[in-house]
Amino acid sequence: MTATHAISFTINGQPHEAAVEPRLLLVDYLRQHMDLTGTHVGCEHGVCGACTILMDGKPVRSCIMLAVQADGHELTTVEGLAEGPDNMHPLQEAFWEAHGLQCGFCTPGFLMTLKPYLEEHPDANEDDIRHAISGNLCRCTGYQHIVDAALLGAKKMHAK
């Protein structure tokens, strides 16, 4: 019998408690136990950014974190960005409008990386955004549409 650890955290605004095995990765917990499959598993080494979520408002790579490390923290996944199924986050709208996605596999990681960055840097320029997303990999777009979407997203996020 494997020992478990009790953890509690908030995920996408909802309190949650669980008993988890000590070596369970956070990304696996989110995908397999919470059915939050928007957090993708790409490289499994924290290099590609597909697994990026927010912990206490800061981007983290959930494929190199243990679920027990989430204890006591507030987590937000890509599913938690929108206020509802018919009300996308302004950054999600911008990705749609500026064609910032193709296959979509990397998109959740870019969104979760860019949201806090653009909140803190509303006047970010193209070079700033390219630097901010330099840890996220995309195999389809060539990044220009992602940068365009981020610039549009910054305008939308700060238009309110």
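Q: With which side chain does the side chain of H16 make a polar contact?
A: In this predicted model, H16 is found in strand 2. Residues that H16 touches, not counting those up to four places away in sequence, include I7, F9, Y29 and M34. A polar contact needs a pair of N or O atoms within 3.5 Å. At 2.4 Å, the side chain that makes such a contact with H16 is that of Y29.

Q: Which residues of helix 1 are buried?
A: Helix 1 covers residues 26-33. A residue counts as buried when its relative accessible area is under 20%. In helix 1 that description applies to L26, V27, Y29 and L30.

Q: Why do the buried residues of helix 1 line one face of the helix?
A: The residues concerned are L26, V27, Y29 and L30. They line one face because, in a view down the axis of helix 1, they fall within an arc of 165 degrees.

Q: Against which strands do the buried residues of helix 1 pack?
A: Contact here means heavy atoms within 4.5 Å. The buried residues of helix 1 pack against strand 1 (5-11), strand 2 (14-20), strand 3 (52-55) and strand 5 (74-76).

Q: Which residue with a positive phi follows helix 1?
A: Helix 1 spans residues 26-33. The phi of the residue in question is near 60 degrees, and that residue is D35.

Q: What distance separates the centres of domain 1 and domain 2?
A: The domain assignment of the protein gives domain 1 as 5-80 and domain 2 as 90-159. Taken over C-alpha atoms, the centres of these domains are separated by 21 Å.

Q: How many residues does the contact take from domain 2?
A: The domain assignment places domain 2 at 90-159. From domain 1 the contact takes 18 residues, and from domain 2 it takes 14 residues.

Q: Which residues in domain 1 lose the most area to domain 2?
A: The size of an interface is often given as the accessible area lost when the parts come together. Between them, domain 1 and domain 2 bury about 1100 Å², with 63% of it on carbon and sulfur atoms. Together accounting for 37% of what the side of domain 1 buries, the residues that lose the most area are H40, L54 and V78.

Q: How many residue pairs in polar contact does the rule find across the interface of domain 1 and domain 2?
A: Across this interface the rule also finds one salt bridge. For polar contact, with both residues at pLDDT 80 or more, the number of residue pairs is four.

Q: With which residue does K58 form a salt bridge?
A: A salt bridge requires a side-chain nitrogen of Lys or Arg within 4 Å of a carboxyl oxygen of Asp or Glu. The closest N and O atoms are 3.2 Å apart, and the partner of K58 is E120.

How values were computed
Residues are numbered from 1 along each chain as its sequence is written. This is a predicted model: local features need pLDDT of at least 70, side-chain atom pairs count only at pLDDT 80 or more; totals for chains, interfaces and linings use all residues. Side-chain values use heavy atoms; hydrogens and water are left out. Buried means under 20% relative accessible area, exposed over 50%, partly exposed in between (1.4 Å probe, protein chains only). Helices (H or I, at least four residues) and strands (E, at least two) are DSSP runs, numbered from the N terminus. The arc is that of the directions from the helix axis to the C-beta atoms. Domain bounds come from an automatic or database domain assignment. Buried area is the accessible area (1.4 Å probe) that two parts lose on being put together, summed over both. A polar contact is a pair of N or O atoms within 3.5 Å; within protein, one must be able to donate a hydrogen and the other to accept it, and residues adjacent in sequence count only if both atoms are side-chain atoms.
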